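Dear colleague,

Please find below the structure that I am handing over to you.

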Amino acid sequence: MSSDQEENIIKKYKGYLIDLDGTVYKGAERIPTAEIFVKELQDKNIPFLFVTNNATKTATEVKENLLHNFQIDVTEDHIYTSAMAALDHLKELNIGKKVLVVGEASLKQEVQSAGFEMVDKDPDFVLQALDRGVTYQQLEAACLAIQKGATFVATNPDTNLPTEKGFIPGAGALTAFLKACTQKEPLIIGKPYPTIMAGAIKRMQLDKEDVIMVGDNYNTDILAGVHYGVDTLMVLTGFSQLVDIEGKDEQPTYILNDLSEWEV
Ligand SMILES: [Mg+2]
């Protein structure tokens, strides 16, 4: 079969899971090809869900950022953060309502809206995300609670966040702290782990065979799809480049320079 023919039989997907930073925008920078791609999905009524490991913003805050900075007009239903996935999962586990949160105001707000009770001690869960205002006392409380048997859940594994200053500590760095003082492994929700994928696909009400994961980060977006059995589309507009995936056993289903090369 010639490569032309192969191109003609590219599968049509019924739903798209789409990473945000590096895929739809890059920090404060626009990625116009991605904006057009999202518009095409909207015009053709193809379901999509933005799936992000960032647990420091509520769905409403993500929506506002997309609207005001990137001309992308979506509803909250189109956004699925690792915080939302964590709360979906905590509900499914159904082992209690008391949560000790190491996280920022947005996460605390979501924990409460989801019907959980925030406590400082004797929780059923310790839910840990990035907290840029964390104190020793809060880490101590989380550490003691996990030692006493609270279920340790971390929103996402990202150890560093790229900024203009350099790679600053992310949620995963705080997880490493709590792992060190408890010797306990957390359940990690975000990409590349399966919980966020399972939650996202459940929300879309589609079969995983009909869905594709679009992202810029091989280690999170692409491996999340590969491990969960979802096709993947890697774009070279963000973090990972071709050199990063050379020789890897697990390859993306598709690799594109940007989303203008994709037909929905
Ligand atoms: Mg990304």
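A residue is called buried when its relative accessible area is under 20%, exposed when that value is over 50%, and partly exposed in between. Please note that the model is a predicted one.

The account concerns two residues, Asp19 and Asp21, which an unreviewed UniProt entry lists under "active site". Both Asp19 and Asp21 belong to the lining of the largest pocket.

Aspartate 19 sits in the loop between strand 1 (15–18) and strand 2 (25–26). Its relative accessibility is 8%, and because buried means under 20%, aspartate 19 counts as buried. Setting aside neighbours within four places in sequence, aspartate 19 is in contact with Val24, Phe50, Val51, Lys191, Met213, Val214, Gly215, Asp216 and Asp221. With one of these, lysine 191, the side chain of aspartate 19 makes a side-chain polar contact of 2.9 Å.

Aspartate 21 is likewise found in the loop between strand 1 and strand 2. Is aspartate 21 buried, exposed or partly exposed? Its relative accessible area is 41%, so aspartate 21 is partly exposed. When residues up to four places away in sequence are not counted, aspartate 21 touches Lys26, Gly27 and Asp216. A polar atom of the aspartate 21 side chain lies 2.8 Å from the backbone nitrogen of glycine 27.

With kind regards

Methods:
Residues are numbered from 1 along each chain as its sequence is written. This is a predicted model: local features need pLDDT of at least 70, side-chain atom pairs count only at pLDDT 80 or more; totals for chains, interfaces and linings use all residues. Side-chain values use heavy atoms; hydrogens and water are left out. UniProt positions are given in the numbering used here, feature names are shortened, and annotations may be inferred rather than shown by experiment. On a 1 Å grid over the protein atoms alone, a cavity is a set of points where a 1.4 Å probe fits but cannot get out, and a pocket is an open set with protein on both sides within 12 Å along at least five of seven lines; lining residues have an atom within 4 Å of a point. Helices (H or I, at least four residues) and strands (E, at least two) are DSSP runs, numbered from the N terminus. Buried means under 20% relative accessible area, exposed over 50%, partly exposed in between (1.4 Å probe, protein chains only). Contact means heavy atoms within 4.5 Å. A polar contact is a pair of N or O atoms within 3.5 Å; within protein, one must be able to donate a hydrogen and the other to accept it, and residues adjacent in sequence count only if both atoms are side-chain atoms.
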